[in-house]
Amino acid sequence: MYRKKQQSELTVITKANELCSYIFTVTQKSPKQFRFTFTGRLQNSSLSVLEYLIRANETPLDRRQPALYAESYSYQRKAMTELILIGYLAVMAMEQNCILGKQCEQISGLITDCRNLLGGWMSSDKKRFKGESVPV
């Protein structure tokens, strides 16, 4: 089933979805010998990024409940870590001729977009909770 972008969907989630789709597209033609190493790891990590971003977005934020902010922040950090991991995996996959150099560049550009958008989101949330004692 095709899912249309909701008006309230965060840009970072849309961009992460684009990254995930692109990774699945380019790894479809990867050599079979890399199916359970680079291909699977890239695909699973890109799905994890989407999952963490959606979980962070669905966590209700309330200044009176700092634990919810901590939970959302935790998901955001996990997504950021997975994005960094995808970057390393993409370079290694390119070095092993699993994906093309141009594909690695495209993945890198999408990762940069996601990381910038995610960083902005994290800063925005932090400003909303500034002055609060937030367990992180």
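Helices here are DSSP runs of at least four residues, numbered from the N terminus. Keep in mind throughout that the model is predicted.

What do Lys15 and Glu18 form? They form a salt bridge, with the closest N and O atoms 3.6 Å apart. Glu18 has a relative accessible area of 39%, so it is partly exposed. Asp113 counts as partly exposed because its relative accessibility is 31%.

The structure holds five salt bridges. Another one of them joins the side chains of Arg64 and Asp62, at 3.1 Å from N to O. Are these two residues buried or exposed? Arg64 is exposed, at 71% relative accessibility. Asp62 is partly exposed, at 22%. The cut-off for buried is under 20% relative accessible area, so Asp62 at 22% does not count as buried.

Now turn to the nonpolar core. The largest one has 33 residues. Which of them touch the most other members? They are Leu19, Leu53, Ile86, Ile107 and Leu118. Four helices each supply at least two residues of this core: α1 (11-27), α2 (35-58), α3 (66-95) and α4 (101-128). Take Leu19 as an example. Leaving aside residues up to four places away in sequence, Leu19 touches Leu83, Ile86, Ile107, Leu110, Ile111 and Cys114.

Aromatic rings come next. A search of the whole structure finds three aromatic pairs. One of them, Tyr52 with Tyr75, is stacked. The ring centres are 6.5 Å apart, with 20° between the planes. Why does this pair tie together separate parts of the chain? Tyr52 lies in helix α2 and Tyr75 in helix α3, so the pair joins parts that are 23 residues apart in sequence. Both tyrosines are buried.

Follow helix α3 along its length. It has 30 residues. From its first C-alpha to its last it reaches 44 Å, close to the 44 Å expected at 1.5 Å a residue. After α3 comes Asn97, with a positive phi near 60°.

Go back to helix α2 to find Thr39. Is Thr39 buried or exposed? At 6% relative accessibility, it counts as buried. Not counting residues up to four places away in sequence, Thr39 touches Thr27, Ser30, Phe34 and Cys98.

That last contact leads to the cysteines. Cys98 has a relative accessible area of 6%, so it is buried. Cys20 is buried as well, at 5%. How many disulfides does a search of the whole structure find? It finds zero. A disulfide would be a covalent bond between the sulfur atoms of two cysteines.

How values were computed: Residues are numbered from 1 along each chain as its sequence is written. This is a predicted model: local features need pLDDT of at least 70, side-chain atom pairs count only at pLDDT 80 or more; totals for chains, interfaces and linings use all residues. Side-chain values use heavy atoms; hydrogens and water are left out. A nonpolar core is a set of buried Ala, Val, Leu, Ile, Met, Phe, Trp, Tyr and Cys residues joined through side-chain atoms within 4.5 Å. Buried means under 20% relative accessible area, exposed over 50%, partly exposed in between (1.4 Å probe, protein chains only). Contact means heavy atoms within 4.5 Å. The expected span of a helix is 1.5 Å times one less than its number of residues. A disulfide is a pair of cysteine sulfur atoms within 2.5 Å. Rings of Phe, Tyr and Trp (its six-membered ring) pair if their centres lie within 6.5 Å; planes under 30 degrees apart count as stacked, over 60 as edge-to-face and the rest as tilted. A salt bridge is a side-chain nitrogen of Lys or Arg within 4 Å of a carboxyl oxygen of Asp or Glu.
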